[in-house]
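Biologist: Could you take me through the helix packing and the core of this model? I would like the definitions as we go.

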Amino acid sequence: MNAKRSDKIATGVLYTVAGIIVLILASLLLYILVRGIPHISWEFLTSPSKAYQEGGGIGIQLFNSLYLLLVTMIISFPISLGAGIYLSEYAKKNWFTDVVRTSIEILSSLPSVVVGLFGFLVFVIQFGYGFSIISGALALTFFNLPLLTRNVEESLQAIHYTQREAGLSLGLSRWETVTRIIVPEATPGILTGVILSSGRIFGEAAALIYTAGQSAPALDFSNWNPLSVSSPISIFRQAETLAVHIWKVNTEGTMPDGMQVSAGASAVLIIAVLLFNFGARAVGKRLYKKMTSA
């Protein structure tokens with residue numbers, strides 16, 4: 001009876017702690033959403049921001065966040081996929097792989113401000129890219145690589161070894177077994193990690209303050225010259241993102257309705273991150289059922 005009572009007490013304590021954490025998170029989300037959703041409208045989502053007037057929106061900042069996310073994933077995903085495949089399928093346990101894994105652990109523990117300062121010193125100053133989308137994307141690549149690499153590696157290692165033996169027994173090379181059997185089987189887990197890391201990048205601010213800049217120049221969506229400052233597809237222009245815009249409005253905002261703009265932008269950011277997280281679960285489950293017939 002003492003053992004059963006102790007078990008019930010311990011279980012109750014764990015449920016209580018979990019409930020408190022969920023309650024705190026739900027309270028924060030509801031507070032932000034309740035304050036911000038009334039200020040969200042189509043005009044707010046599409047119109048440019050204003051510095052000294054009321055009625056500004058977040059159109060350019062929202063586009064910059066999505067575009068920066070796309071550029072970052074184009075750079076970081078192939079590197080992470082290759083590193084994950086190497087560590088899972090080819091790497092032998094020696095000093096080199098130990099160094100690689102240790103480097104991944106160190107990178108994953110770095111504060112985003114440190115990554116931003118590194119990007120500022122290397123990409124903004126040394127490489128001469130200035131405050132630009134490419135500087136922000138390269139800095140976020142270092143920020144994103146550990147999470148994506150570990151996700152790819154764990155997704156590949158979760159595939160049972162018999163799948164590899166089956167491919168080799170059919171005469172496939174090791175590379176063909178990996179690319180035609182193992183990677184497709186691990187696609188749901190990899191895609192889930194990609195979507196979750198996308199949400200993390202979308203909400204990042206500290207690293208982008210020092211690399212992508214704190215201004216959002218007006219964009220001409222009819223200008224498709226990639227070297228033009230006003231072109232939406234240019235990677236060499238400054239790009240204030242949604243998260244940076246929220247920080248800027250709250251610290252040095254000059255618009256009369258700064259509180260409303262900040263509340264609406266924060267709600268949009270939270271909704272986007274929630275969509276990334278719930279979308280990752282939905283896509284992962286659907287792909288798993290489709291590929292495994294489970």
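Biologist: How are α7 and α8 oriented to each other: parallel, antiparallel, perpendicular or oblique?

Modeller: α7 and α8 are oblique to each other. Angles under 35 degrees count as roughly parallel, over 145 as roughly antiparallel, 65 to 115 as roughly perpendicular, and the rest as oblique. Please note that this is a predicted model, in which local features need pLDDT of at least 70, side-chain atom pairs count only at pLDDT 80 or more, and totals for chains, interfaces and linings use all residues. Residues are numbered from 1 along each chain as its sequence is written, and side-chain values use heavy atoms, with hydrogens and water left out.

Biologist: At roughly what angle do the axes of α7 and α8 cross?

Modeller: Roughly 140°, and the axes of α7 (residues 161-169) and α8 come within 9 Å. Axes are lines fitted to C-alpha atoms, for helices over the stretch in contact, with angles from 0 to 180 degrees between N-to-C directions. Helices are DSSP runs of H or I with at least four residues, numbered from the N terminus.

Biologist: Which residues meet there?

Modeller: Q163, R164, G167 and L168 of α7 meet R174, T177, I181, I182 and E185 of α8, where contact means heavy atoms within 4.5 Å. By class, this contact has three nonpolar, three polar and three charged residues. Ala, Val, Leu, Ile, Met, Phe, Trp, Tyr, Cys and Pro count as nonpolar, Asp, Glu, Lys and Arg as charged, and the others, Gly among them, as polar.

Biologist: And what about α5 and α6, at what angle do they cross?

Modeller: The axes of α5 (residues 112-126) and α6 (residues 133-157) cross at roughly 135° and come within 9 Å. α5 and α6 are therefore oblique to each other. Their contact has eight nonpolar, three polar and no charged residues.

Biologist: Changing topic, how many residues has the largest nonpolar core?

Modeller: It has 45 residues, and L140, L156, F202 and L242 have the most contacts inside it. Such a core is a set of buried Ala, Val, Leu, Ile, Met, Phe, Trp, Tyr and Cys residues joined through side-chain atoms within 4.5 Å. Its largest share, nine residues, comes from α8.

Biologist: What does L140 touch?

Modeller: Apart from neighbours within four places in sequence, L140 is in contact with L68, T72, I201, E204, A207 and L208.

Biologist: Finally, why does D98 count as partly exposed?

Modeller: Because its relative accessibility is 34%; buried means under 20% relative accessible area, exposed over 50%, and partly exposed in between, with a 1.4 Å probe and protein chains only. D98 is in helix α4 (residues 95-109).

Conventions:
Helices (H or I, at least four residues) and strands (E, at least two) are DSSP runs, numbered from the N terminus.
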